[in-house]
Amino acid sequence: MEVSVIRSCSQATNLKTELGFKDSRFSFGKFNEKLFFRKPNSVSFQSPLRRGKSGLRITAQAAQSDPLPKSKSSTKSKTLNRVRLFAGLPLDVVSGGTVNQFRAISAGLKALKLLGLEGVELPIWWGVVEHESMGKYDWSGYLTIAEMVRKAGLKLHVTLCFHASSQPKIPLPEWVLDIGKTKSNIFFKDRAGKPYRGCLSLAVDELAVLNGKTPMQVYQDFCESFKSAFSAFIGSTIMGITMGLGPDGELRYPSHRGFAKSDTVPGAGEFQCYDKNMLHLLKQHAEACGKPKWGLGGPHDAPANSELPTANTFFKDHGGSWESPYGDFFLSWYSSQLIAHGDRLLSLASSVFSDSAVNIFGKVPLMHSWHGTRSHPSELTAGFYNTATRKGYEEVAEMFARNSCKIILPGMDQSDKYQLKESLSSPESLLAEIGTACNKHGVGISGQNSTVGAPDGLKQIKKNMLSENLNDSFIFQRIGAQFFAPEHFPLFIEFVRKLNQPELHSGNLPTKEGTTTATDSVHTRSNLSIHMQSA
Amino acid sequence: MATLAVGSLLQNPRLSSPRGQKLLLNLKPLRSLDLDCSPHRKLLCSRGACFSNSNPCGKFYIVKASSTDTAPIDTFSSADILYEQTFPVNRIEKVEGKLLIRLDQSKDQLNWRLTIGCSLSGKWILHWGVSYVGDTGSEWDQPPQDMWPHGSIPIKDYAIETPFKKPSKDDTFHEVKIDFNPSSAIEAIHFILKDEETGASYQHKGRDFRVSLVNYLEDDGNMIHAKSSFGKWPDAVEQLPNMVLKAEASCDSKNENRRLEGFYEEQPIVKEVSVGNMVNVAIRKFPDAANIVLHLETDIPGDVVVHWGVCRDDAKTWEIPAVPYPPETTVFRNKALRTLLQPTGNGSRALFTLDEKLDGFLFVLKLDANSWVNFQGNDFYIPLSSARSVKGQSDSESEETSGKAHTDGIINEIRNLVSGLNSEKSLQTKVKEAKESILNEIEKLAAEAYSIFRSSTPSYPEEDSDADDAEPTINISSGTGSGFEILCQGFNWESNKSGRWYMELKEKASEISSLGFTVIWLPPPTESVSSEGYMPKDLYNLNSRYGTIDELKDLVKSLHGVGLKVLGDVVLNHRCAHYQNQNGVWNIFGGRLNWDDRAVVGDDPHFQGRGNKSSGDNFHAAPNIDHSQDFVRKDLIEWLCWLREEIGYDGWRLDFVRGFWGGYVKDYLDASEPYFAVGEYWDSLSYTYGEMDHNQDAHRQRIVDWINATNGTAGAFDVTSKGILHSALERREYWRLLDQKGKPPGVVGWWPSRAVTFIENHDTGSTQGHWRFPGGKEMQGYAYILTHPGTPAVFYDHIVSHHRSEIGALISLRNRNKIHCRSIVEIVKAERDVYAATIDDRVAVKIGPGYYEPPSGPQRWSLALEGYDYKVWEASS
């Protein structure tokens, strides 16, 4: 009997070989980052991250005397090519356990792979997986996707969404909403008492409001179930996990309700401290501070959701209540609650995935409207106590650093030039501010474009990718009809190609890497691994 | 490569390497050839002690591989290691294994089972299909669903792929089991094997493997057939060589002459495995010595020749150094030296003594006649001067070059394509071609993804706004959906009779979806005084004669699961009361919306409403709701949003919208944000002396006015077109299908994107039949609406009738040619007995008994569909 072997997919074969390298490099990168950069003298070889030969090779190297000066590696790390490009899968790629537009997704994945993307981002919804009842998880659709992605030779960045989506409509789990029908205080409320059903209030994190469990426990069970369901993928295909932190997955209060329209000036947003539990916390805090009267409610002179900051006196540029002792009291409390919430969730994620070779991310919003005023109303109502006189993102970055998590910053496509003049908005300077805080605390930054889109967005993204504001990866949101449309996709191809031609835009490059600028991601990663070896 | 592999296998069927042979017997060939090279490393270390060639100092440790092994460091005391580098090397190695095929009868004696196993490790996938008795040609068919093993996924419409599974966890042995019923008409199972890890496919003599399930077929060469030896599946590896148990099995199912014979067969297969090896280079200098010693060692098995030289400058020009050379060294064409590495038991090595003034040491490895190992396409370069600066070739990937040049080229190209950079290496033509083909491939895939996404997803805000920098091609509007919608009316007038319509329809969900529909309209869901649902009472009570609310949710979920959008039929015009007022008039409502008589219009004396005058026509059978009341609108909006959320409806069919102002509909739609909405605006066409007027502009104007009042948020049923089609077809007056301006005479001629064309619905057809479409002409009607712009709606009765396949063909033609609600129609003929038009220059259609053939113009037309008095052509560019 004879059997012939045809290598019809020789191209794919080799791609896979390449990928194998990337793969292990990447994990090595993390390995190093955690073990070498922080404690260069306490190298442990028991890391579970080591797989295959490259891991071993590296081990051998690592134990050897230092062949490369460290300074060299740190300058080298600043090339554009280090930023790995991902594309987000459609939000509703899975519903009811099935993969929607299976064929489109699989064609799309192939196209992205050929285009040289690192991987795709997959939003996994609480309301889809644990839809029916507490503790009953259906991962099937998502597992199918993970398998497709693995087969396509791509990486997967998973976003665990503990929030709801309005378009397409993906609500919170049914049983949670049922509980919310009788206990509306599990949701954030605005001053009018209107609940926000897009996520749970951070004030109930530690309260046993969900059938005797606290939301934190429920999130933890969810993460653990995820971990065991995807154990075959975590660390090999799944290299990054974003922990959902609030509305739209972002670390913030749902201060801006309703749809943001690009042609109208956004309001200041509204403080969301009016659910029973938030008010209770505020009251306790005020009493502890010896100001019981300050704990009766939120600022009385803050404008309502859609009103302009100028509609009332709280945010006034000069002499606004925000600058008063009361203002400081309230804003400190309000923002610290948010940071504590982020801390709880990120440390939960870090501990659940501590033995997995994945990076944990959390998303921080870019509340850029009204950034030009002194009080930064949008940031304040969203929970960031960042004003002309106070650097509020330091605490946030510090919290991320504490949990060894990386930050995801959306809005990388927004440029100042296209903002409405009236909104005194400045996405670029806000981004730079957050970027500075992150760099100071050594927090890696992954970028995203905003969901609302922006004119010349790709250009702005590229600019950001070349800057200090971005040093981990970029997740392009998101694939779908529009993404693959003849009007858009060629632009995207062009974008990807140009990303890798930094020398054409050397003006934007902080440093030149000599003549052998890494020409592609594969090489780049090689460089990276060399730095690591040297560390 | 491929032929080489086969050739060598044929000559040496059991041998690829000594190790391979041994392993073959174990059936675990891959384990020790695996990528993990730790064993080699260990050996390298432990062997260190007997390293003593020409080296006076004897002990020479190259590398320490494991953290536990710290002792060797001491041995460096006598000499300094100046440089050390380990290069990983990837090679392709052939591993031999077996493919096992067994056909046998299951225990229950009814079904048969085909088991395909593979003894090699890997991510094996069985890519397979079937052929049926009587099939001609070599096409495969997708196996019937009940044959699909767990985990199978469909590949296009002709095959499925099933991953191999390990019967037990630590086995390398994988298998797929396919159960089937021998009485089916399947003639043979065809398959090829794929290895996901490498992407390679394995065929049988260059063709599919084929397992014949009927025994009267001729052996056409690639058939694996029953040999009347019935093998027992090897449970244990040792049984492998002679395990054939003679037995004969015959299948005595009712099936007459189809006797199956079980068999068991093995076929050798060879897999190319990427093997990771390494090359380690270390340079050492001994105190007081003028020379340095370069030690090269590799764990690549077999004979390895180092093809080497030295250089004196950065240009890396090869030079032959002065003696001494290591043993087994020859001069190669005065340019380089060739040294056979000395076997070490687990690899090989050599020591080179070099002048320290040299700049670098260059080499490549030669494995056999065709296989070279180099460093990323370049020579390995070991800086000698830098014993001083250890920079050198810091990168660390090397690739096997043999036979891979082309594929490497492609990979480089992908890189270059992505990077857009011409690397230092100049591009070759071949590579340019590869680049183009990859770009083409990307574009093709993107186009495929685009067409599916476009036709099946609503746009999200983010997509809309993405459109700021890229022209939007589709505008999702609640009136039109994506523009590519095809609607199915999912019930008729009798559907309530069974009391379990939702469950019945659920059974049909995938069938409806596969016909090509994108939207389905479900019957009115609320509690109703009439069983059909159009006399709603408690709007929040969704238990109706069609089923319970839970069944409804379940149905909607299933419909969504197969990609259908779901329209709820909402009756907003009127509502039946729960209670009588003091005068005994039924106008007080109960349930969650416990309105009083202020919610009822004031101008209908039957119901003594206290509301305002009706904003439309009155429907006299029930209290008409006064939509001008804020609380009514607020409650209705809340209800619609609740329906969207609770049930999952994607949009609405709005009943009797003639009864109230379209502006209110706009409010309802703005708030409930449907994906698609269509209103029933129904009134009479114009007749003069009993004959329908040619000009029905007034009729369609009223419908268009209503759509306008909704601000275009809803479409409307094109009653005008239906009426005109009636006359045109019934009386052979096809000229009616052209209006004075040369356009279609219905709403579709004026506002195609908002026209929902139909020929029949539950009122006009079904058992009510008050305005039934001319009998026998239904397909002409569908040929018209399914090729024309507007959003066509197909009535349930027709898709369960004998028209079904013709309708399916028209729908798929519509989808194939991407005809949408705004497609351009050009009417080329509208005469007494024939009407013809072209749509988007891609489709030509004629209806009526008269003659028409599309002229051969820029397009070439080919007849795509033909039925009773209609024909449809497609342009073939």
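Trainee: What does Lys497(B) count as by relative accessibility?
Mentor: Partly exposed, at 48% relative accessibility. Buried is under 20% relative accessible area, exposed is over 50%, and partly exposed lies in between (1.4 Å probe, protein chains only).

Trainee: Ground rules, please.
Mentor: This is a predicted model, where local features need pLDDT of at least 70, side-chain atom pairs count only at pLDDT 80 or more, and totals for chains, interfaces and linings use all residues. Residues are numbered from 1 along each chain as its sequence is written, chains are lettered from A and ligands numbered from 1 in the order written, and side-chain values use heavy atoms, leaving out hydrogens and water.

Trainee: Back to Lys497(B). Which side chain does it meet in a salt bridge?
Mentor: Glu494(B), at 3.4 Å, N to O. A salt bridge here is a side-chain nitrogen of Lys or Arg within 4 Å of a carboxyl oxygen of Asp or Glu. Glu494(B) is partly exposed too, with a relative accessible area of 28%.

Trainee: And Asp104(B) with Arg102(B): buried or exposed?
Mentor: Both are buried. Their side chains form a salt bridge at 3.3 Å, N to O.

Trainee: How many salt bridges over all chains?
Mentor: 53. One of the networks to look at links Asp248(A), Glu250(A), Arg252(A) and Lys363(A).

Trainee: What about Glu287(A) and Lys283(A)?
Mentor: Their side chains meet in a salt bridge at 3.8 Å, N to O.

Trainee: Where do they sit relative to each other?
Mentor: They are about one helical turn apart, because they are four residues apart in helix 9 (residues 276-288) of chain A. Helices are DSSP runs of H or I with at least four residues, strands are runs of E with at least two, and both are numbered from the N terminus. Glu287(A) is partly exposed at 43%. Lys283(A) is partly exposed at 42%.

Trainee: Glu379(A) next. Which helix?
Mentor: Helix 11 of chain A, residues 377-382.

Trainee: What is the nearest side chain of opposite charge?
Mentor: Arg390(A), 9.8 Å away. Glu379(A) is buried yet has no salt bridge. For charge, Lys and Arg count as positive, Asp and Glu as negative; His and the chain ends are not counted.

Trainee: What is Glu379(A) in contact with, then?
Mentor: Beyond its neighbours within four places in sequence, the partners are Met367(A), His371(A), Phe384(A), Asn386(A), Tyr393(A) and Leu430(A). Contact means heavy atoms within 4.5 Å.

Trainee: How much of chain A is buried?
Mentor: 62% of its 535 residues. Chain A has 17 helices and 13 strands. Of its contacts between residues at least 6 apart in sequence, 77% join residues at least 24 apart.

Trainee: New topic. What is the mean pLDDT of chain B?
Mentor: 76, with 74% of its residues at 70 or more. pLDDT is the predictor's confidence in each residue, from 0 to 100. Residues 1-78 of chain B are below 50, and that stretch has 128 contacts beyond near neighbours in sequence. Residues 457-475 of chain B also stay under 50, with 47 contacts beyond four places in sequence.

Trainee: How should I treat those?
Mentor: Where pLDDT is low, predicted coordinates should not be read in detail.
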